[in-house]
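Student: Please take a close look at one helix packing region of this model. Then set that region against the rest of the chain.

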Amino acid sequence: MGDIRLPRHMFLWCLSAIYLFAFASLYVQIPGLYGNEGLLPARWQLRVSGKSVVEQLKDSPTLLWFGPRLGLDTQQCMELFSLTGALLSLMTLALPPLRDCRVFLVLWILYLSLYQVGQVFLYFQWDNLLLETGFLAILVAPMKMPWSSKVCLHDNVTFWLVRWLLFRLMFASGVVKLTSRCPTWWGLTALTYHYETQCIPTQLAWFAHQLPVWFQKLSVVGTFVIEMAVPFLFFSPIRRHRLTAFYMQVLLQVFIILSGNYNFFNILTITLCLSLLDDQHVNFWLRRPTLKTESTSLQNLFSGLAVMLEVSVYALLGYWIVQYFDLQVDWEKKRVSSKTAFTYFEFNGFLKTVTVPSIWIGVLCLAWEIITAMFKCACVRGVLWRLWSTIQWAVMAAAAVSMFAISLVPYTYFEYDANSNLWPGIRTAFEMTDRYQLVNSYGLFRRMTGVGGRPEVVIEGSMDRNTWTEIEFMYKPGNTSTAPPVVAPHQPRLDWQMWFAALGPQTQSPWFSSLLHRLLQGKRDVVKLIQTDESLYPFSKQPPAYLRAHRYKYWFSEPKADGSYPERWWRRVYVEEFYPVVYLGDSYLEQMLVQHGLKDKAPPRRSSNAWLPRLLRYVGEHAREMPAHLLLWTLFSSAATVCLLNSLRSRAHHRQHESLQNQHTDKPAAGRTCSNVAEKNEKKHEEEEEKEEVTKDDAEEDGKEQDKDATSEEEQEGEIEEEVSAEETEEDSLRKRK
């Protein structure tokens, strides 16, 4: 694992956004689900028993026990915790200094407090996953003190636990699909039912459902490969293996997001995938330049061997896919046929072969990270800093080893021999920490439901028992002409439980009797769970006198023969009665309420008129007027905008600081260059003066020499003239003599 400063920042930022979605989504549903007049009042979970606060916290670790000391009932205390968590996560999302381990500790405690009284509406796997990830964030996030460093040497150790959690989540999700012996998963036909039978599909799910069967089966093969084979690449020493695994995991999650509304679960899974990245790849995304070092011949040799090993792993993986899923290409029909070419017993043998080695792979990888961090601490300069780094390393290494050890208990649930051979001390530690949801077992889509048609429960109301009107929910399928919505990352928890209730008899969903009872009473908070806009609720003016429920089977409509789109999204067929006709005071309804403990004899405590309860009521009335998914995206957009502006301002400040530094560094350089230029100019001037003097001297000497030459020439001419005149006088004298 290379430098992970940037992926760690991204992980904490994304987790802050997920906490915001979780708290805000739950906040708007608390009165209808857990209020004093809700479906499952939370105050039933916190009955006064005369125990001390410490004993109460041991029985149920939740801060809601302190609600009466604040003058709040259980509902108001839950609203306070949800609102506090939403605001704190919103500030953490917008302000980097708040991404501190103590802030994430508060967020984790708040969500755990709500989870303890959430009952069936809060017992989803993604709630457990958020609690486990949130606890790991406490170890991953820095403790920002005035003397703390920006990079802690133990970051790789704690951040590796996030990768281990991602491995357990994905590998278990793939394994349970085959260990459940579901015929659709073994026949590779699960996706031919999945798109129309999932809880809240999107509009793209209708189009995905129309894809040919051979492509759906090939998609199931790809799902098995991504969930069971690719996770082993998380621990590969080759960096490109981890990057390939990252993009394949993200691709799967994006496809799920586009075709279904699974609240914040897929976003949380992508957040876990950030543990596969390093600073170098994030800088590549940001187009930041990286320093390139000259590689030696030995490094070139190792890189070549790594490429060969990487290609061989891909080739081996492709061979296994073709071999065990019998892939054959039909070029004439332009299709790829596939089927499972192994048996259930062969798959169990594969699990026995792989489970224990996968644990040892995790042990070796964690040991490598711990030893590497130890050597880094030993190289720290300064005795005090080295001691402080070593203490941090020891604490975080012990925490990482403990978390890894207790996670082996839920990880080995699907393989009996490996689970039974675990050290008893590990099992004891897991049982002691199980109530805090530190580690959990996972296994999504274990069996494919709705093979013979999607079951749906439709509630009908009447004033005279003759004319019945369907009560349509905001999100779950009901009216066949209503298009599937997009509600993620909000989770309408009542709509989800209605999906589970339709899979079995109404006796398996005790809360359903409470739902009909509250609708007959006309409780406004429960009605808002069905329709935020009460004008769309058919009995908004007066509660219905009678209620009943029927079970239907739904299917996606088929395209017309000419290829055009149908007028309706769904088609349905009546199946049976789900709940008989009931009214207020009906004996059957009263019997069901008493049987399931939903008849509360003690009246709720009067709400206080103090400033805090009044403030909570005021905020709740205004916050619940907007549809929940729009509220969530509004909060996220505002925080993301603030974060973007802060980053742009810091970048501009950084550039300005760099320019000032460059100016400061340029001034002495400019002074040095000016002095050098002046010295050069003086030297040139002196040289020119010397040259001028030399030229003057040369000119004077030349003049003297010329004068000398001229005088010598004149003397020579005078001598010649004298010689000529002497010759002439001699000739004249000779003539006279003659």
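Tutor: Contact here means heavy atoms within 4.5 Å, and helices (H or I, at least four residues) and strands (E, at least two) are DSSP runs, numbered from the N terminus. The model is predicted: local features need pLDDT of at least 70, side-chain atom pairs count only at pLDDT 80 or more, and totals for chains, interfaces and linings use all residues. Residues are numbered from 1 along each chain as its sequence is written, and side-chain values use heavy atoms, with hydrogens and water left out.

The part to look at is the packing around α17. On one side, Val-157, Thr-158, Trp-160, Leu-161, Trp-164, Phe-167, Arg-168 and Phe-171 of α7 touch Met-396, Ala-397, Ala-400, Met-403, Phe-404, Ser-407, Leu-408, Pro-410 and Tyr-411 of α17. The axes of the two helices lie 10 Å apart at an angle of about 10°; axes are lines fitted to C-alpha atoms, for helices over the stretch in contact, and angles run from 0 to 180 degrees between N-to-C directions. α7 is therefore roughly parallel to α17, where angles under 35 degrees count as roughly parallel, over 145 as roughly antiparallel, 65 to 115 as roughly perpendicular and the rest as oblique. The contact of α7 with α17 comprises 14 nonpolar, two polar and one charged residues. In this division Ala, Val, Leu, Ile, Met, Phe, Trp, Tyr, Cys and Pro are nonpolar, Asp, Glu, Lys and Arg are charged, and the others, Gly among them, are polar.

Arg-168 deserves a separate look. This arginine lies in α7, which spans residues 155-179, and is buried at a relative accessible area of 3%. Buried means under 20% relative accessible area, exposed over 50%, and partly exposed in between (1.4 Å probe, protein chains only). Apart from neighbours within four places in sequence, Arg-168 contacts Glu-132, Ser-407, Pro-410, Tyr-411, Val-439, Asn-440 and Tyr-442.

α17 (residues 383-411) also packs with α16 (residues 344-378): the two axes come within 9 Å and cross at roughly 175°. The pair is therefore roughly antiparallel. From α16 the contact draws on Thr-355, Ser-358, Ile-359, Gly-362, Val-363, Leu-366, Ile-370, Ala-373, Met-374, Cys-377 and Ala-378, and from α17 on Arg-386, Ser-389, Thr-390, Trp-393, Ala-397, Ala-400, Val-401, Phe-404, Leu-408 and Tyr-411. By class, the α16 and α17 contact holds 15 nonpolar residues, five polar and one charged.

Now the setting. The protein has 25 helices and six strands. Of its 738 residues, 46% count as buried. Among contacts with a separation of 6 or more, 77% are between residues 24 or more positions apart. Glu-196 is in helix α9 and is buried, with a relative accessible area of 5%. Beyond its neighbours within four places in sequence, Glu-196 contacts His-209, Arg-454, Trp-555, Phe-556 and Trp-570.

Aromatic pairs number 60 in the structure. Rings of Phe, Tyr and Trp (its six-membered ring) pair if their centres lie within 6.5 Å; planes under 30 degrees apart count as stacked, over 60 as edge-to-face and the rest as tilted. Trp-185, Trp-186, Phe-224, Tyr-324, Phe-325, Phe-342, Tyr-344, Phe-345, Phe-347 and Phe-350 are linked by ring pairs into a cluster.

Finally, the backbone. Most residues other than glycine have a negative phi, and most peptide bonds are trans. Leu-188, not a glycine, has a positive phi of about 60°; Leu-188 is in the loop between α8 (183-186) and α9 (191-197) and is buried at 0% relative accessibility. Lys-334 has a positive phi of about 55°, lies in the loop between β1 (328-330) and β2 (335-337), and is exposed at 69% relative accessibility. The peptide bond joining Ala-488 and Pro-489 is cis, with omega about 10°, and Pro-489 is in the loop between β4 (468-471) and α20 (493-501).
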